Amino acid sequence: MAKKKVLGCSLNIIIILSIVFLVLIVVSFIGGSVGAIITGGEPLSIFAVQPPHPQLPAEHPFPNLPITNTMITAWISILVLFGLFFAATRRMKLVPRGLQNFVEFFYEAAANFIEDPAGKEYGRKFFPVCVTIFLFVLANAWINLIPGFETIKMNGEPLLRNANTDINVPLMLAVVSFCFVEYWGFKAHKATYLRKFFNFVPLGQGFKKLFTGKIKAGFGGIAMGIIAVFTGLLEAISELIRMVSFTFRLFGNMTAGMILTLVMIFLIPWVVPAIFYGLEAFLGFVQAMIFGGLTLCFLVVAVMSTDEETT
Amino acid sequence: MGLGLDLPTFIGQLVSFLILLGLLVYFGYKPIRKMLDERANRIKEGMEQAEAAKQEYEQAKVAVQEQIGKAREEGQGIITQATQIGDRLKEEARGEARKEAQALVERTRIELERERDKVIDDLRHEFVDTAILAAEKVINETLDKEGHRKLIEQAMEESTTFKEN
């Protein structure tokens, strides 16, 4: 009692809480599936978590409809994002307050992030696609973290599932990103943009030199031309490979996070999964940032690249 | 257990995403961009106005200072002029007063002289008359009046005091 005065109340509370948490962890660990295996008995009913059996393709909660559970989640994300922006911009005031202020803060931060590498003019054009990708990935990842989200069952299948863990969604985002990159690249440089991938100009010059009699220079030119064509080919392949890397980065991270959380819930049902929820929240943000940021990065490269070559 | 690649799902997600993109552009980014631009413009305008007002104030301050200087100079001029005029007026007034006084003195002197002459003349007459009366009474009929007068006048001609006037 005398110590309480010296060290204050908060330490006592911390000690009590740690003890409670520790007891909860130990009890749930011993009482759960792992404890049951060790002792050879049945797990206590409240700890009897079903072992995870992750399945990569999205489930169909309604057998007669071609709607997957990831689609439903994507729609929820879309509704949430739309609701947020709609509510914030419904009655806008010159002096922002509350939700409008928050949304404007986010907008400014994102605009600064994008206009920093892309410049003011392109920044405004790139803004919608980059930010929408970011928000969509983030919303999908974070909605999934609502406790009990994946436990709602419909016809024996989970009704809701993180849309990022359905490979169709990352692939779709990668294709959208790719299309926008090529569109802006082509729009910025017109036909010369294609020369980045199909560069036959040095080869033609080499042949020209060969036929005009300069044999040595001609062969050198042809060699350089072949290298240029090969480089263009590599460039084209790398642009296509980007889509694959985009897809599997997001899909892999999100699926791994989902499985990790499920496994942790199975092993230690109480307290410990909360740590992984925090980790998943952070990871979701990082993945969204990477997807949006890389799209921005490729857009900037596509718009700038030939400028640098010609100057 | 494949990856779950599925064209209908892919297209469905693509459509969903494009709808989201459209919705956010029309209900989110555009109004926010407009609002931010408007606010930036407002602030810029306000600052420009403040700058203009400040410049105007500076200019006005200089102009006022200039005018005050000019007015002070003018005032100084007017005071100097007024002093000069006053001095002149004083001098003039003094001269006139002196002249007037002199004229007055002159007039008075002339008047006085005339008065004296008159008095002398009167006295002479009176004296003559009195002398005649006295002589009449004394001599009584020894001489006629005309003879008397001649005598006295003769006497007076001879006396030095009455001869000058």
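Mentor: Let us begin with the core. The largest nonpolar core has 56 residues, and those with the most contacts inside it are A:Phe126, A:Phe127, A:Leu135, A:Phe136, A:Leu173 and B:Tyr29. This is a predicted model, in which local features need pLDDT of at least 70 and side-chain atom pairs count only at pLDDT 80 or more, while totals for chains, interfaces and linings use all residues. Residues are numbered from 1 along each chain as its sequence is written, chains are lettered from A and ligands numbered from 1 in the order in which they are written, and side-chain values use heavy atoms, with hydrogens and water left out.

Trainee: What makes a set of residues a nonpolar core?

Mentor: The set must consist of buried Ala, Val, Leu, Ile, Met, Phe, Trp, Tyr and Cys residues joined through side-chain atoms within 4.5 Å. Buried means under 20% relative accessible area, exposed means over 50%, and partly exposed lies in between (1.4 Å probe, protein chains only).

Trainee: Which residues does A:Phe136 touch?

Mentor: Leaving aside residues up to four places away in sequence, A:Phe136 touches residues including A:Ile78, A:Leu81, A:Met172, B:Phe17 and B:Leu20. Contact means heavy atoms within 4.5 Å. A second, separate core of seven residues includes A:Ile67, A:Ile143, A:Leu159 and A:Leu160.

Trainee: Why is A:Gly257 called buried?

Mentor: A:Gly257 is found in helix α8 of chain A. Its relative accessible area is 3%, so A:Gly257 is buried.

Trainee: What makes A:Leu262 count as partly exposed?

Mentor: A:Leu262 is also found in helix α8 of chain A. Its relative accessibility is 30%, and therefore A:Leu262 counts as partly exposed. The C-alpha atoms of A:Leu262 and A:Pro54 are separated by 8.8 Å, although these residues are 208 residues apart along the chain.

Trainee: How many helices and strands does chain A have?

Mentor: Chain A has nine helices and two strands, in the order α-α-α-α-α-β-β-α-α-α-α from the N terminus on.

Trainee: Why is chain A described as more spread out than a compact globule?

Mentor: The radius of gyration of chain A is 28 Å, well over the 19 Å that the globule rule gives for 311 residues, so the description applies. The radius is taken over C-alpha atoms, and the rule is 2.2 Å times the number of residues to the power 0.38. The C-alpha atoms of chain A fill a box of roughly 100 × 60 × 55 Å, taken along the principal axes.

Trainee: How do you know that chain B is also more spread out than a compact globule?

Mentor: Chain B has two helices and zero strands. Its radius of gyration is 62 Å, well over the 15 Å given by the globule rule for 165 residues, so chain B is more spread out than a compact globule. The box filled by its C-alpha atoms is roughly 200 × 25 × 15 Å, along the principal axes.

Notes. Helices (H or I, at least four residues) and strands (E, at least two) are DSSP runs, numbered from the N terminus.
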